[in-house]
Amino acid sequence: MAAQIFSAIFVIIIGVGGCVAYFWGANKLLDLTFPSRGVTGTAAVNNLRRQGLVRPWLFVGPALIILTIYLIYPVIATLWLSFLDRGGTSFVGLANYEWALRDPDLRRSILNNLLWLAVVPAACTFLGLIIAVLTDKIWWGTIAKSLIFLPLAISFVGASVIWKFIYEYRGEGQVQIGLLNAIIQHFGGQPQVWISLPFWNNFFLMIILIWIQTGFAMVILSSALRGIPEETLEAAVIDGANPFQIFWKIMVPQIWGTIAVVWTTITILVLKVFDIVLTMTNGQWNSQVLANLMFDWMFRGGGDFGRGATIAIIIMIAVIPIMVWNIRQANKETGGH
Amino acid sequence: MAVATGKSFASRFGVHIAVLVFVAIWTIPTLGILVSSLRDKDQIVASGWWNSFASSSQTEAGRLPPSTAQTQKDGKYVLEGNIFGDGAKRNISAFGVKAAAPTQYPAGSSADLGDGVTLQVNADGSFVMTSPKAFEGDRGQRLYYASSAPPKFTTDNYQTVLFSEGIGRSFMNSLTVTIPATVIPILIAAFAAYALAWMRFPGRALLIAVIIGLLVVPLQMSLIPLLKLYNGVGTFFGVPSKTYLGIWLAHTGFGLPFAIYLLRSYIAGLPREIMESARIDGASDFEIFVKIVLPLSFPVLASFAIFQFLWVWNDLLVAMVFLGTAPDQIVLTAKLNALLGSRGGNWEILTTSAFITIIVPLIVFFSLQRYFVRGLLAGSVKGG
């Protein structure tokens with residue numbers, strides 16, 4: 001263990017030192033190759049120009065190399081692998097996609113993912129908005145927001161344990177130590193094994209993600225609400241609008257753009273949801289989702305990379321519209337700069 | 001938001017109540033595992049954690065032994081024993097024989113059950129049941145009793161999971177993964193962000209578009225090719241394919257698009273005059289970056305560092321693909337997932353391990369919340 005700590009510290013020093021050495025050294029080398037000081041006239045101008053051509057690439061070089069290896073190449077490779085067999089050696093055409101169309105597990109996963117997509121972003125945004133509006137009105141709103149924001153720092157696995165403890169079911173005659181079953185028993189209901197109830201268990205898993213992500217929606221929307229010009233609210237009050245009308249007709253339309261951003265961010269997260277399903281049910285009892293199914297195929301029986309890659313492509317296809325929209329928005333905003 | 005909508009007392013009161021309910025729902029689950037992790041492991045299963053501060057008094061039901069256990073004494077038939085058997089002793093305050101009146105008789109008193117049958121249950125759980133006639137049937141007398149155990153809090157669970165369940169080792173592994181994977185991307189991203197914000201070169205606009213596109217590419221797209229690549233490199237050089245170096249670089253790669261995006265939008269917003277006056281003074285881009293841009297960018301660097309730290313510390317997927325599951329490599333999240341499988345019902349182990357897993361993020365989060373929120377706002381409200 002001591003050796004491990006030592007090697008970790010060693011690596012940090014090497015890694016950071018290496019980065020510093022690279023950036024400093026490469027720039028020094030460039031200055032020496034094309035000196036701009038100590039030379040005069042056209043030589044200096046030419047050298048400055050050459051420096052200007054090379055230096056940006058020294059700056060973006062390392063990032064570009066890592067991005068290429070870890071993201072750009074894999075995207076292309078995954079696409080290619082989805083046309084290959086399980087070992088990734090021979091070309092099988094569209095066989096994996098044909099399998100994808102027929103496989104009941106995959107169909108179940110897509111349906112569940114759609115269910116997640118329909119519920120989680122909407123619930124997070126809605127709850128986040130409500131809490132943002134309410135906490136703005138009270139003196140202890142900041143503390144309340146802090147506490148609701150807190151689950152965002154908790155890992156999905158940690159959150160799964162937290163909620164599994166709430167959903168815990170103990171056999172008849174035993175004391176129910178899970179909060180949910182205890183409450184239900186208190187009101188005369190029948191305790192249930194919540195996470196193995198087909199269909200409804202999806203919602204019990206979704207609650208975990210909603211619990212984590214509502215804080216995110218709340219913070220973003222709260223800052224957007226503060227940006228609303230007060231005159232519009234005052235005018236509405238003078239015109240005799242009630243709080244609900246002010247909320248729906250004055251506030252919400254003005255922060256529509258932010259709502260869209262929150263919604264899409266959570267949508268992408270939902271498409272990738274993996275940890276919660278793995279730890280709570282591992283896809284049993286009809287709760288499978290795409291990301292967990294893919295992980296399953298990556299390692300099941302030595303792994304089937306063709307089918308795994310095909311599932312990854314399905315997730316990617318769902319993300320592409322959001323990606324295009326993001327790039328368009330960014331181009332619009334940074335167009336000048 | 002100075003306009004107070006709904007000025008009546010009732011509606012203001014309603015807002016307080018509503019927020020209180022939300023806060024309760026959002027904090028009680030975490031409180032549950034914190035409290036449980038400090039409880040005695042027998043008490044965790046004996047009563048709900050919300051009862052843990054009360055000298056937990058609960059009504060339980062049991063059966064006395066069947067008639068086969070009876071003995072004869074002074075011409076009477078007697079059943080004797082202790083309802084707790086050899087288990088943990090608790091204090092009985094009252095008992096009864098009907099479900100409708102489970103605490104009809106105080107402990108120590110003798111209850112008349114009719115037909116000359118008497119039952120005495122003492123506070124320590126010992127009981128004597130006597131009858132002039134022989135007991136019959138193979139099901140013993142139903143018994144209800146109210147028992148109480150004093151609350152017992154302990155740090156034993158923490159000692160157990162840290163030292164015998166391997167959580168302590170996993171904690172070190174998580175730190176080993178997280179710190180380099182947080183530090184390495186910062187420098188690389190900062191240089192790239194500066195170049196993309198303030199230097200002119202062909203292909204810059206395309207590069208920015210690519211990075212914004214990569215921002216949302218699902219991690220899943222990278223896993224299989226990288227797994228193959230790592231296996232290939234491992235075989236080629238005869239080294240293990242699951243290494244700390246591998247996961248540091250993987251986290252660096254996955255974190256870079258967000259890092260560059262976040263840093264670029266901040267650095268691009270720095271005042272142009274500062275850069276230009278430095279340039280006129282003869283400073284090179286490298287000098288401008290190191291002496292002016294880096295110090296000015298501290299807040300955004302801190303924001304990114306917190307994000308990356310939380311993301312890497314909390315990650316399960318990347319760790320499960322690129323690291324082994326042996327004790328020298330398994331990180332906290334993966335270990336917790338493994339414990340859920342192997343220690344499914346041992347809540348003292350699970351709640352304690354979970355709390356150790358989340359304590360570092362919570363500390364980071366609470367102490368640096370300002371930077372975290374700033375990064376969140378800059379990162380998701382595009383151009384904001």
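These legends go with a few close-up views of a predicted model.

**View 1. Strand 8 of chain B and its neighbour strand 3.** Here strand 3 (residues 76-82) of chain B runs antiparallel to strand 8 (residues 126-131) of chain B. The two are joined by 6 bridges. To get your bearings, find B:L79 and look across to B:M129, its bridge partner in strand 8.

**View 2. Strands 7 and 8 of chain B.** Strand 8 of chain B also pairs with strand 7 (residues 118-121) of chain B, again antiparallel, and this time through 4 bridges. A handy landmark is B:V121, which sits opposite B:F127 of strand 8. Strands 7 and 8 of chain B form a hairpin with 4 residues between the strands. While you're there, check out B:G125, whose phi is positive, near 100°.

**View 3. Where chain A meets chain B.** Chain A puts 99 residues into the contact, and chain B puts in 94. On the side of chain A that touches chain B, helix 2 (residues 41-81) of chain A is the top contributor, with 17 residues. Sort that side of chain A by class and you get 71 nonpolar, 19 polar and 9 charged residues.

Terms used:
Residues are numbered from 1 along each chain as its sequence is written. Chains are lettered from A and ligands numbered from 1 in the order in which they are written. This is a predicted model: local features need pLDDT of at least 70, side-chain atom pairs count only at pLDDT 80 or more; totals for chains, interfaces and linings use all residues. Two strands pair if DSSP finds at least two bridges between them. Two residues are in contact if their C-beta atoms, placed from the backbone, lie within 7 Å. Ala, Val, Leu, Ile, Met, Phe, Trp, Tyr, Cys and Pro count as nonpolar, Asp, Glu, Lys and Arg as charged, and the others, Gly among them, as polar.
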